Amino acid sequence: MVQMAERVRPVRLEQRPSPRHGRGVFAASAISQHALVIEYTGELISHHEAERRYPVRNGVEDPEHTFVLELNEELVIDANVGGNDARFINHSCEANLEPIAIGNQMWLVALRDIAAGEELGYDYAIELDERHTPANKRRFPCACGAPACRGTLLRAKRAPVPAQVRAAHAVVAQRLRALAD
Ligand SMILES: [Zn+2]
């Protein structure tokens with residue numbers, strides 16, 4: 001896994017206040033399409049443990065919950081413990097990054113070429129167990145400013161995966177097969 005990251009030119013990032021929300025992470029130099037930009041680090045825990053740590057009280061999410069990212073069906077990454085700058089990357093409805101699991105690591109992969117100075121963002125694509133009612137959408141508002149902003153961090157259940165995202169997954173899978181050979 002690590003060899004795969006080292007083969008690409010190192011990516012320089014910068015963390016500073018964002019016009020979108022709180023702190024954001026920006027490209028300090030140009031980033032190539034499909035580069036592994038940064039690993040989303042943190043403590044690997046079960047979904048059950050994540051729910052224990054960050055319970056939803058009266059329908060209100062703990063703000064720290066936003067630093068929890070699902071790795072796969074068994075595990076989530078709690079970036080409140082051992083998290084790096086990746087936890088400050090904001091949501092965007094027009095993402096330039098996609099989280100892709102590589103073994104037990106989660107990497108944020110560039111969906112396209114990214115210019116120096118651009119803010120990084122990925123689609124948090126939150127899916128609730130319950131229905132995505134207008135009230136639920138308002139609980140997770142989005143102000144990413146993208147022309148196609150859907151106004152919420154929630155992603156429609158069974159929404160089609162964008163072609164750019166499918167392509168990034170395919171490229172990473174192909175690189176992993178090449179490394180295994
Ligand atoms: Zn948005």
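Helices (H or I, at least four residues) and strands (E, at least two) are DSSP runs, numbered from the N terminus. The views below show a predicted model, in which local features need pLDDT of at least 70, side-chain atom pairs count only at pLDDT 80 or more, and totals for chains, interfaces and linings use all residues. Residues are numbered from 1 along each chain as its sequence is written.

**View 1. The whole chain, element by element.** Let's start with the overall plan: the chain has four helices and ten strands. Read from the N terminus, the elements run α-β-β-β-β-α-β-β-β-β-β-β-α-α. The radius of gyration (taken over C-alpha atoms) is 16 Å, close to the 16 Å that the globule rule gives for 181 residues, so the chain is as compact as a globular protein of that length. That rule is 2.2 Å times the number of residues to the power 0.38. The C-alpha trace spans about 50 × 35 × 30 Å along its principal axes.

**View 2. A sheet of three strands.** Here an open, antiparallel sheet has the strand order β4-β6-β5; two strands pair if DSSP finds at least two bridges between them. At the edges lie β4 (43-46) and β5 (68-70), each pairing on one side only. On average, neighbouring strands of this sheet are turned by 35° against each other, direction ignored, with axes fitted as lines to C-alpha atoms and angles running from 0 to 180 degrees between N-to-C directions.

**View 3. Where β4 meets β6.** Look for the four bridges that join β4 to the antiparallel strand β6 (residues 75-78). In this pairing, Glu43 stands opposite Asp78 in β6.
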